[in-house]
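Hi,

Here is the structure I promised to pass on to you. Have a look at it first, and then read on for what I found.

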Amino acid sequence: MESANTSITDDNAALRKEINKLSRELRLIKGQLDRAIKSAEANEAIGISLRMVNSMQRAYTELLLESCPNVIALLDQNGKFVLSTKSLLNLMGVPNFDFIRNLRYDDTFAKYFSKECMQVLKNAVEKVAMSDDSALFDMWIDFSEKGENLRYYSVELRRIGVDNSIIMVMIDLTDFMQEKQRAEMASNAKSDFLAAVSHELRTPMNAIIGMSGALKRSGISPDHAKYVTDIQNASASLMSIIDDILDFSKIEADKMDVVDDDYDLSDTLDNLHSMFMTVFAQKELKLEFDISPDMPKFIYGDEKRLRQIITNLLSNAYKYTQTGGIIFSAWHEEHESCLRFDIKDTGIGIRKEDLEKLFKPFEQLDVRKNRNIVGTGLGLAICYNLCLIMGGEIWVDSVYGEGTTFSVKLPYKKANGVIVKKNVEAIEFSASNAKILVVDDIDINLSVAEALLETFEIIPDLAKSGMEAIRLAKEKKYDIIFMDHMMPEMDGVETTANIRSLCDWNSQVPIIALTANVIKGMDELFLSSKMNDILPKPIDLNALNLCLRKWLPEETVNL
């Protein structure tokens with residue numbers, strides 16, 4: 001009995017142990033099952049999220065392809081379309097991308113591109129497919145297939161990814177090109193207007209200044225000489241106004257030229273001082289030039305434009321100053337590598353509210369008070385723009401009723417070499433044996449040139465047209481030919497070309513352009529047209545003198 005009880009006890013213990021083991025395994029299986037359920041739910045959630053993201057990406061891609069205004073296409077490594085913007089489909093007249101999906105670009109574009117453009121595109125695709133370089137080119141394309149809608153496109157190709165896919169971007173530049181052409185036409189119209197105005201204004205001024213000078217040199221009475229001097233002074237004043245208007249017009253048309261060269265700055269300032277001393281003495285005004293010892297003597301820049309700026313500012317100070325005087329100061333600011341010029345006057349000054357108008361064109365301040373002062377209101381605007389063009393700046397300080405100081409700062413550059421001083425004074429010489437031809441279609445201009453050349457005992461031949469000039473050049477060997485530019489039927493450039501072709505002598509004869517056209521680029525035109533030099537109108541006697549001494553053969557000159 002006792003042994004039977006012991007056996008039952010052992011069986012119960014073994015059973016409990018087995019039950020405990022099964023319970024543990026059941027809990028383990030349940031845990032695994034719970035984790036599996038949670039993982040499946042997570043995977044499903046992730047799948048849903050991924051499907052949502054993919055759907056959103058497709059929606060955004062479709063929206064981008066639908067709304068992008070530029071033509072964009074993605075080509076696979078075989079040149080087949082993978083994606084494209086709606087704008088390309090619209091241009092080709094297809095309703096959706098399925099119509100070109102998996103088609104090659106060259107088969108698709110062949111009916112829209114010319115053979116030449118198609119070849120350019122193929123070469124670019126091959127180049128980009130074989131390298132990391134991009135390709136950029138422009139071409140005219142007509143997607144209407146009828147020649148009715150030719151448009152100008154900028155085309156860029158670039159390889160993307162590792163599978164040699166190529167993205168193509170085409171931007172329509174037709175409107176931009178048309179605007180550019182209109183702007184160029186407007187600019188050319190401005191240039192043509194400037195050339196015409198310059199010619200029409202300077203031609204009569206050439207007659208007035210030239211003939212009055214000839215009259216004064218003819219030995220007239222002192223009273224008549226005074227009248228002629230008054231004419232010359234009035235002409236100089238009118239010429240200054242014409243120059244201001246033309247200079248401002250050239251700035252507006254972006255035709256203002258700045259020609260840098262080595263020059264003697266001290267000589268320029270000395271000349272300005274001498275010129276204005278006489279002018280200021282007429283109003284009994286004191287003029288002081290305070291030039292710093294550190295001011296460089298020789299510099300590289302545009303002497304003509306610097307002289308124009310200083311002349312305008314000194315003339316302006318003279319106009320608005322009745323008592324006292326003007327101090328002109330100049331020094332070298334080494335720390336900024338620039339030249340500084342100050343013009344300080346004791347004139348009427350400028351009100352604070354008028355300072356902002358000062359450098360604007362056609363502005364004349366305090367008009368009622370200054371109604372007797374002559375001017376166009378362009379001088380300061382020209383100075384302002386010239387300073388900007390030359391890389392400098394200009395500003396003003398003023399106390400109303402006490403005076404004004406204008407300050408100019410310009411970049412300083414050292415002269416490149418040795419400067420040979422030019423003699424601008426008239427040299428006493430004659431050239432009675434010189435053979436000169438003057439060509440101009442206007443009688444008065446021929447008379448002016450004839451009178452000026454008589455100063456050097458030269459009796460020129462005169463021609464009123466290009467054809468007449470060619471005829472005379474065939475008959476006679478000239479030492480110099482002065483050639484007007486703007487003539488009817490055959491202008492000076494064409495006449496020069498014809499004369500050059502006549503014979504060896506005429507291929508070498510110095511031909512000097514006589515021109516009232518002083519806009520930017522004309523110098524290059526004349527010199528590239530086989531002319532040797534330029535003499536602007538109105539003709540200045542000293543300029544004519546230097547021109548004759550430069551180009552006349554030595555054997556014709558008697559000093």
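Cys503 is partly exposed, with a relative accessibility of 37%. Please keep in mind that the model is predicted. Cys383, by contrast, is buried, and its relative accessible area is 0%.

I also looked for disulfides, and the structure holds zero of them. How far is the sulfur of Cys383 from the closest cysteine sulfur? That closest sulfur belongs to Cys387 and lies 6.6 Å away, which is too far for a bond, because a disulfide needs the two sulfur atoms within 2.5 Å.

Helix α8 (residues 303–319) packs against helix α9 (residues 379–389) at an angle of about 145 degrees, and 10 Å separates their axes. The crossing of α8 and α9 is left-handed. On the α8 side, the contact is made by Arg305, Gln308, Ile309, Asn312, Leu313 and Asn316; α9 contributes Gly379, Leu380, Ile382, Cys383, Leu386 and Cys387. Sorted by type, the residues of this contact between α8 and α9 are seven nonpolar, four polar and one charged.

Next, helix α15, which spans residues 541–551. Its buried residues include Leu544, Asn545, Cys547 and Leu548. They sit on the same side of α15, because the arc they cover around the axis is only 165 degrees. And what lies over them? The cover for the buried residues of α15 includes the helix α10 (443–454) along with the strands β15 (480–484), β16 (511–515) and β17 (533–536).

Two single residues may also interest you.

Thr268 belongs to helix α7 (residues 265–281). Thr268 is buried, at a relative accessible area of 1%. Apart from neighbours within four places in sequence, Thr268 is in contact with Tyr263, Glu303 and Arg307.

Leu285 lies in the loop between α7 and β7 (286–291). Is Leu285 buried or exposed? With 7% relative accessibility, Leu285 counts as buried. Between Leu285 and Gln322 there are 37 residues in sequence, counted from one to the other, yet their C-alpha atoms are 7.5 Å apart in space. Gln322 is also one of the contacts of Leu285 once neighbours within four places in sequence are left aside; the others are Phe280, Tyr318, Thr321, Thr323, Gly324 and Ile326.

Key:
Residues are numbered from 1 along each chain as its sequence is written. This is a predicted model: local features need pLDDT of at least 70, side-chain atom pairs count only at pLDDT 80 or more; totals for chains, interfaces and linings use all residues. Side-chain values use heavy atoms; hydrogens and water are left out. Buried means under 20% relative accessible area, exposed over 50%, partly exposed in between (1.4 Å probe, protein chains only). Axes are lines fitted to C-alpha atoms, for helices over the stretch in contact, and angles run from 0 to 180 degrees between N-to-C directions. Helices (H or I, at least four residues) and strands (E, at least two) are DSSP runs, numbered from the N terminus. A crossing is left-handed if the near helix is turned anticlockwise from the far one by less than a right angle, and right-handed if clockwise. Contact means heavy atoms within 4.5 Å. Ala, Val, Leu, Ile, Met, Phe, Trp, Tyr, Cys and Pro count as nonpolar, Asp, Glu, Lys and Arg as charged, and the others, Gly among them, as polar. The arc is that of the directions from the helix axis to the C-beta atoms.
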